[in-house]
Amino acid sequence: MEQNTRSRSSVGPLGSPTSAIKDSYGKGLLFIMISAVAWSTAGLFVRVLPLDAWTIVFWRSVFAAVFLAVHLFLVGPRHGLLPTGRGLIVAACLALAMLAFIPACQLTSIANGAAIYATTPVFTAILAWLWLGEQIQPGILFAVVMVVAGSCVLVCGTVSGSDIVGDAFALVTTFINAVVTVFIRRHREESLLASICLANIFVSLVSMCFAAPLSPNLRDLEYLALFGLVQVWLAVVFFSAGSRRVPASQGSLVAALETPLAPFWVWLAFGETPSLSTLIGGGIITSGTGGYLVALAVRTARRNAGVLHDQKLLPTGWKNEARVDE
């Protein structure tokens with residue numbers, strides 16, 4: 001009797017907790033894909049704005065903080081209006097990452113920066129293994145190896161001194177983002193949107209000391225507001241929701257889809273043609289990430305098909321009981 005109960009609960013109907021978990025996992029992947037698209041627009045905004053790095057950082061952080069504060073106020077107590085002690089640590093880390101991000105975009109090519117950010121899954125997988133005990137699956141390991149290989153090809157094409165400094169800033173941002181990703185997964189019951197809002201406030205205060213806040217015209221302010229809305233608010237809201245539903249290493253790997261999109265937007269808008277090493281390296285990274293997502297989709301479809309098949313084999317009484325449970 002106990003064995004029958006166990007097998008019945010393991011299959012579950014399509015509205016059961018098992019199905020709900022799969023649905024939540026699928027939403028998590030979708031949310032992270034949306035955040036990757038939003039993050040990939042950073043280079044586009046940086047290129048279109050005729051402002052220095054500190055002024056861009058200042059105004060983007062101001063608008064992002066406003067949008068996040070409004071979001072927290074509308075959503076209500078579920079997210080919490082003030083960060084916790086752990087949230088303050090996250091806020092400090094994110095502030096450092098954001099302070100390094102814009103100089104990275106201006107001191108190196110968008111393609112180079114995006115490829116370095118694509119190494120985030122490497123750091124995330126290692127940190128998740130050390131901190132959370134998450135196993136590094138063979139598929140993830142293979143994709144991570146391809147991301148590293150593509151990044152090496154791209155960095156080999158770096159020649160100028162400004163590129164090297166920009167790459168260093170990008171590497172700092174990448175490592176901190178990996179730490180925050182694992183932190184969100186570790187404390188997934190706690191929303192960090194208040195911490196992200198606080199980080200933007202802190203960045204705006206720091207950058208104001210070096211910026212020229214009155215230099216942007218009205219059109220520049222429109223772009224800066226859109227920058228804060230899309231590249232910060234939209235990205236972090238969806239990434240925060242997705243990271244709580246997906247293992248850290250997988251979520252970080254999906255977010256690497258930002259890599260091919262970032263130079264694409266800049267090429268489409270400004271005709272900034274990537275170098276040969278960027279095309280080859282970016283192609284390797286995209287193949288590794290895209291191949292993993294395709295394999296993941298196929299595996300998920302097979303599992304769902306297996307659940308449906310097992311549903312058909314259930315006795316009539318069990319099926320009726322399942323409908324009642326729904």
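Helices are DSSP runs of at least four residues, numbered from the N terminus.

**Figure 1. Overview of the predicted protein chain.** The model shown is predicted. Its secondary structure amounts to 15 helices and 0 strands. The chain has 326 residues, of which 47% are buried. Of the contacts between residues at least 6 apart in sequence, 93% link residues at least 24 apart. The accessible surface is about 15,800 Å², and carbon and sulfur atoms account for 70% of that area.

Figure 2. When neighbours within four places in sequence are set aside, the residues in contact with phenylalanine 63 are Leu221, Leu224 and Ala225. Valine 232 is 169 residues away from phenylalanine 63 in sequence, yet the C-alpha atoms of the two residues are 9.2 Å apart in space.

**Figure 3. Packing of helix α4 against helix α11.** Helix α11 comprises residues 218–243, and its axis lies 8 Å from that of α4, at an angle of about 55°. The two helices, α4 and α11, are therefore oblique to each other, and their crossing is right-handed. From α4, the residues that meet α11 are Ile56, Trp59, Arg60, Phe63, Ala64, Phe67, Leu68 and His71. On the α11 side, the contact involves Leu221, Leu224, Ala225, Phe227, Gly228, Leu229, Gln231, Val232, Trp233, Val236 and Val237. Sorted by class, this contact of α4 with α11 contains 15 nonpolar, 3 polar and 1 charged residues.

Figure 4. Serine 35 belongs to α2, which covers residues 17–39. Because its relative accessible area is 0%, and residues under 20% are classed as buried, serine 35 counts as buried. Apart from neighbours within four places in sequence, serine 35 is in contact with Ala235, Phe238 and Phe239.

Figure 5. Phenylalanine 175 is found in α9, a helix formed by residues 161–186. Its relative accessibility is 41%, a value between the 20% and 50% limits, so phenylalanine 175 is classed as partly exposed. Not counting residues up to four places away in sequence, phenylalanine 175 touches Phe123 and Leu127. The view also includes threonine 120: this residue and phenylalanine 175 are 55 residues apart in sequence, with a C-alpha to C-alpha distance of 6.6 Å.

Technical notes
Residues numbered from 1 in each chain as written. Predicted model: local features only at pLDDT ≥ 70, side-chain atom pairs only at ≥ 80, totals over all residues. Heavy atoms only, no water. Contact = heavy atoms within 4.5 Å. Buried < 20%, exposed > 50% of the residue type's maximum accessible area, 1.4 Å probe, protein only. Axes fitted to C-alpha atoms, helices over the stretch in contact; angles between N-to-C directions. Parallel < 35°, antiparallel > 145°, perpendicular 65-115°, else oblique. Left-handed = near helix turned anticlockwise from the far one by under 90°. Nonpolar A, V, L, I, M, F, W, Y, C, P; charged D, E, K, R; others polar. Areas by Shrake-Rupley, 256 points an atom, 1.4 Å probe, with all protein chains shown as cover.
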